[in-house]
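Here is a short briefing on selected features of one protein model. Please keep the sequence and the structure open while reading.

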Amino acid sequence: MRRLGLVVSATLVTGALIAGTVFGLYTQSAAAKSAARAAAAQAAQVPGAGKAAELASAVQIEPEALAKMLQASKGEKPVVLHVGFKNLYGQAKIPGSDYAGPGSTPEGLELLRQRVSSLQHKQLIVLYCGCCPWDKCPNAKPAYEALHSMGFTNVKVMHVAENFGANWVSPGLPVTKGE
């Protein structure tokens, strides 16, 4: 009888452990799906989010070319605007660049519009993000499109193949770290 009680107890404990594990996995899966839906909803708020790779090559500028332009003693100096996430801008940035808000959010685009409101429409503006690989960047294309729709005719976007660290910092291009 005592053995039967142990077998029943062990079966119940094992069943409870399995049920708890299944519930935990289900809860994690539901949370992941919810987070994915939230990210998709935010991207849907800003057309063009995640589509930097669709920008024409004529509006792109490579990091080395921008660095040369910024270091040149002659010629027009661009207004360089970071349109990525504030925490990344706070870690490392292109010297002289300004933070203009993430291009993937309506609030970020509003910050960008405010920042450029006093500029001439022919002013050379270079946008950059560098949060992730170019084909996944949620910020570059919406920021470019916002300026283009405001009538800015001389806007370039720095092509960041991998991320800001790999494509600007690691090659030794000028950088200001921390705020």
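Glu54 and Lys141 form a salt bridge through their side chains, with 2.8 Å from N to O. This is a predicted model. The pair ties together distant parts of the chain: Glu54 sits in the loop between α1 (2-45) and β1 (60-61), Lys141 sits in helix α5, and 87 residues separate them.

**Salt bridges**

- The structure has 5 salt bridges.
- Lys141 has a relative accessibility of 13%, so this residue counts as buried.
- Arg113 and Glu110 pair through their side chains in a salt bridge of 3.9 Å, N to O.
- Both Arg113 and Glu110 belong to helix α4, where they are 3 residues apart, about one turn of the helix.
- Arg113 is partly exposed, at 30% relative accessibility. Glu110 is also partly exposed, with a relative accessible area of 38%.
- Lys136 and Asp135 make a salt bridge of 4.0 Å, N to O, between their side chains.
- Glu54, Lys141 and Glu145 belong to one network, joined by salt bridges that share partners.
- Lys136 is exposed, at 55% relative accessibility. Asp135 is partly exposed, with a relative accessible area of 46%.
- Side chains of opposite charge can pair when their charged atoms come close.

**Helix α5**

- The buried residues of α5 are Ala140, Lys141, Pro142, Ala143, Tyr144, Ala146 and Leu147.
- Gly151 follows α5 and has a positive phi, near 100°.

**Asp98 in strand β4**

- Asp98 lies in β4, which runs over residues 98-99.
- Asp98 has a relative accessible area of 30%, so this residue is partly exposed.
- Which residues does Asp98 contact, leaving aside neighbours within four places in sequence? They are Val80, Leu81, His82, Tyr89 and Arg115.
- The side chains of Asp98 and Arg115 are joined by a polar contact of 2.7 Å.
- Asp98 and His82 are 16 residues apart in sequence, with 6.0 Å between their C-alpha atoms.

- His159 is in the loop between β6 and α6 (164-169).
- Is His159 buried or exposed? His159 counts as buried, at 18% relative accessibility; the cut-off for buried is under 20%.
- Not counting residues up to four places away in sequence, His159 touches Gln60, Ile61, Glu62, Pro63 and Trp134.
- Ala166 belongs to helix α6. At 28% relative accessibility, Ala166 is partly exposed.
- Ala166 and Gly130 are 36 residues apart in sequence; in space, 9.0 Å separates their C-alpha atoms.

Conventions. Residues are numbered from 1 along each chain as its sequence is written. This is a predicted model: local features need pLDDT of at least 70, side-chain atom pairs count only at pLDDT 80 or more; totals for chains, interfaces and linings use all residues. Side-chain values use heavy atoms; hydrogens and water are left out. Buried means under 20% relative accessible area, exposed over 50%, partly exposed in between (1.4 Å probe, protein chains only). Helices (H or I, at least four residues) and strands (E, at least two) are DSSP runs, numbered from the N terminus. Contact means heavy atoms within 4.5 Å. A polar contact is a pair of N or O atoms within 3.5 Å; within protein, one must be able to donate a hydrogen and the other to accept it, and residues adjacent in sequence count only if both atoms are side-chain atoms.
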